[in-house]
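Please load the model in your viewer and keep the sequence panel open beside it.

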Amino acid sequence: MSDSKVYTDYFFDEPIFDLHDGGYVPLEKVDIPDQPLNIPTALQPDKVDGNDVYYTITAQEGETQILPGAKTKTWGYNASLLGQTIVLKKGVHYHVHLVNKLPEVTTFHWHGLNVTGPIVDGGPHAPVYPGGSRDIDFTLDQPAQTDWIHPHPCPNTARQVWNGLAAAVVVTDDEEAKLPFPRNYGVDDIPVILQDRSYHDNQLDYKADYDVDGTLGKYALVNGTINGVFNVTTQKVRLRILDGSDRREWRLHFDDNHEFTQIASDGGTLPEPVKFTKLMLTCAERAEVIVDFGDKKPGDVVTLMSDNVPLMKFKIGEYAPDNTKLPEHLTTINVPEVTPGLPVTRTVMSGMDDQVRLDGKLFDMQRIDRRQKIGDTVLWDVVNTNDMDGGMIHPFHMHGCQFLVISRNGKAPYPNEHGWKDTVGVNAGETVRIAVQFTKFGVYMYHCHILEHEDTGMMAQIEAYDPNHEHKYHLISMDEMNHPSK
């Protein structure tokens, strides 16, 4: 990596940014006092027994002070809004007790975790009913990365996320721990969960704001905070950024054009650090970046923006000098060889509004759309057939695996797409080639991560199978998921 190379481009195709959509809701600055940025606390285990760690995660109702006046009725995981951050370590065996204290069915989807599906993965086949619970367990065997947990109950995923269900998942490992990254959680290593919401007399009204092409809100929230301020006490700060929105794309930059360095994407550490002044994330993508405030003095304020709207402020305090240099090479990505003799899998995202389809079909929970053998590495061509004139970016997500982006319309992927990913934004008229390998058996979803598109049916299922071990699945219907037999 050249020390002088700093990218100043959002890369995605500007004519199809969400702000050109006819139903676009622009962000508005809220005229309320600044407030401390909410930093979710880390979830504490119920019990640690050697290499076995036990957690309880509860989906619950609550009230949160978001705007002045009446508190907003919200949902969260072990919290009134969003959730406590779940910290996991590679090699540890986790036992998780999932509890639903909501008035309706939900699921607990581990977005980015390579665990068996469909039950542990937490897709729509793993419902937890009101007043009920479910127990899952898994041994974590993937590298350090930032993931998240959110609901996945068809067709109500978008509304439940809108109500507040989303929490950061931080995966750690011994290899990443050797790199000179900030990692003091809450001090120099913080989640930045980006969402947008509108309020009606301080309350959420999803039905009033609903847009079948993706629901947008007027106000930007970071970790559930409007006009949040983070007090900087170290020269360098690591931001674990998540686009946790139903629809909105975030085009991030600092008000002073401050440089920052991306060190990781969805699936963990990048091979090389990448320097930016601008960064665009589509729905469900993650980016870990390090911001060096060494050119600032106490009392300075730096503002994170999306387009021309302020999101949050970094208020610079006293800090010790930090001359740590990032190595030019962070990690080696062992690119798997494509399994010979297999055709390229082609999947097509088409349409807009209520005409969205995946491979020309609407989702059927009891239909297996594709099968792929565990251990095979298969090239997939992910196609967005929208037109550049009036079309949109569709973020494509696969459960149960991480993939490598090989090319965009036959050209190199974006500079920060050389690591493992589970979500990739696909421009209108574009074909993104990815290399996909499953390591766990299961039935998994793949879909557009604009949540309203997913709920409308822009989703399909793949079975990752082991020819030496047969696994049988009870694939429930959507009606059974929402209305269990007594």
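Begin by selecting E285 together with the residues it touches (contact means heavy atoms within 4.5 Å): leaving aside residues up to four places away in sequence, these are F12, I241, L242, D243, D266, M280, K421, T423, V424 and G425. This is a predicted model, in which local features need pLDDT of at least 70 and side-chain atom pairs count only at pLDDT 80 or more, while totals for chains, interfaces and linings use all residues. Residues are numbered from 1 along each chain as its sequence is written, and side-chain values use heavy atoms, with hydrogens and water left out.

Staying with E285, colour the loop between β19 (279-281) and β20 (286-292), where this residue lies; strands here are DSSP runs of E, at least two residues, numbered from the N terminus. E285 is buried, with a relative accessible area of 4% (buried means under 20%, with a 1.4 Å probe and protein chains only). Next show T282, whose backbone nitrogen lies 2.8 Å from a polar atom of the E285 side chain.

Now display the lining of the largest cavity, which has 18 residues, with L279, M280, E285, N416 and E417 nearest its centre. A cavity is a set of points on a 1 Å grid over the protein atoms alone where a 1.4 Å probe fits but cannot get out, and lining residues have an atom within 4 Å of a point. Highlight β19, which gives the most to this lining, with three residues.

Finally, select residues 60-175 and 338-464, which the unreviewed UniProt entry annotates as "domain: Plastocyanin-like", an annotation that may be inferred rather than shown by experiment.

Note on methods: Helix = DSSP H or I, 4+ residues; strand = E, 2+ residues; numbered from the N terminus. Buried < 20%, exposed > 50% of the residue type's maximum accessible area, 1.4 Å probe, protein only. Polar contact = N/O pair within 3.5 Å; in protein donor to acceptor, adjacent residues only side chain to side chain. 1 Å grid on protein atoms, 1.4 Å probe; cavity = no way out; pocket = protein on both sides within 12 Å on 5 of 7 lines; lining within 4 Å.
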